[in-house]
Amino acid sequence: MTQRVENNKLTLEFDNGARFERTLPSKDNRLAIRKVRDEAIEFVKKHGGTKGQEHAAIRALTSRGYHVSKVDIVDISEFV
């Protein structure tokens with residue numbers, strides 16, 4: 001799996017052509033970052049990815065300053 005962040009987009013791609021692409025929110029929007037992160041992890045799992053690939057998807061975000069923090073589950077409902 002390759003992962004990259006370019007032009008404000010997170011892209012994950014497996015060798016078989018399965019591709020995940022999301023526009024990234026502002027770095028202040030923790031809830032939206034969490035949503036993108038959770039969707040990316042779900043994509044990796046759905047396509048048989050390893051734990052290491054799940055962590056690589058997370059690192060693609062965190063290494064570029066997209067961090068999440070603990071929030072109430074109620075707050076996240078507006079993004080679901």
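This is a predicted model: local features need pLDDT of at least 70, side-chain atom pairs count only at pLDDT 80 or more; totals for chains, interfaces and linings use all residues.
A residue is called buried when its relative accessible area is under 20%, exposed when that area is over 50%, and partly exposed in between. By this scale R19, at 43% relative accessibility, counts as partly exposed.

The chain has 80 residues, of which 35% count as buried. Its secondary structure comes to three helices and three strands. Along the sequence these elements follow the pattern β-β-β-α-α-α. Of the contacts in the chain with a separation of 6 or more, 50% are accounted for by residues 24 or more positions apart. The accessible surface of the chain comes to about 5,100 Å², and 47% of this surface belongs to carbon and sulfur atoms.

The sheet may be taken next. In general, the strands of a sheet pair through backbone hydrogen bonds, and the pairing is either parallel or antiparallel. Here the three strands form an open sheet in the order 1-2-3, with antiparallel pairing. Strand 1 and strand 3 are the edge strands, since each pairs on one side only. From one strand to the next, the twist averages 10°.

Strand 1, residues 2-6, runs antiparallel to strand 2 and is joined to it by five bridges. T2 stands opposite E13 in strand 2, and R4 stands opposite T11 in strand 2. Helix 1 packs on the sheet, where it touches strand 2 and strand 3, and the direction of helix 1 makes about 175° with that of strand 3. Strand 1 and strand 2 also form a hairpin with two residues between them. In the turn of this hairpin, N7 has a positive phi of about 50°.

Which residues hold the central places in the largest nonpolar core, in the sense that they touch the most other members? Of its 16 residues, these are L10, L12, F20, L24, A40, F43 and V44. Strand 2 (9-13), helix 1 (30-46) and helix 2 (51-62) are the elements that give two or more residues to this core. Helix 1 gives the most, with five residues. In soluble globular proteins, nonpolar side chains tend to be buried together.

The charged side chains form another part of the picture. Side chains of opposite charge can pair when their charged atoms come close. A side-chain nitrogen of Lys or Arg must lie within 4 Å of a carboxyl oxygen of Asp or Glu for a salt bridge to be counted, and by this rule the count comes to eight salt bridges.

One of them joins the side chains of R4 and E6, at 3.6 Å from N to O. R4 counts as partly exposed because its relative accessibility is 27%, and E6 is likewise partly exposed, at 48%.

Another salt bridge joins the side chains of E21 and R19, at 2.9 Å from N to O. E21 has a relative accessible area of 34% and is therefore partly exposed. The residues E21 and R19 also belong to a network of salt bridges that links K9, E13, R19 and E21.

A further salt bridge brings together the side chains of R22 and E39, at 2.9 Å from N to O. This pair links distant parts of the chain, with R22 in strand 3 (residues 19-23) and E39 in helix 1, 17 residues apart. R22 counts as partly exposed because its relative accessibility is 33%, and E39 is partly exposed with a relative accessible area of 24%.

With a relative accessible area of 43%, S26 is partly exposed. What does S26 contact when its neighbours within four places in sequence are left aside? The contacts of S26 are then I33 and Y66. S26 and Y66 are 40 residues apart in sequence, and their C-alpha atoms are 8.3 Å apart in space.

Conventions:
Residues are numbered from 1 along each chain as its sequence is written. Side-chain values use heavy atoms; hydrogens and water are left out. A nonpolar core is a set of buried Ala, Val, Leu, Ile, Met, Phe, Trp, Tyr and Cys residues joined through side-chain atoms within 4.5 Å. Buried means under 20% relative accessible area, exposed over 50%, partly exposed in between (1.4 Å probe, protein chains only). Helices (H or I, at least four residues) and strands (E, at least two) are DSSP runs, numbered from the N terminus. Contact means heavy atoms within 4.5 Å. Accessible areas come from the Shrake-Rupley method with a 1.4 Å probe; for residues, only the protein chains shown count as cover. Two strands pair if DSSP finds at least two bridges between them. Axes are lines fitted to C-alpha atoms, for helices over the stretch in contact, and angles run from 0 to 180 degrees between N-to-C directions.
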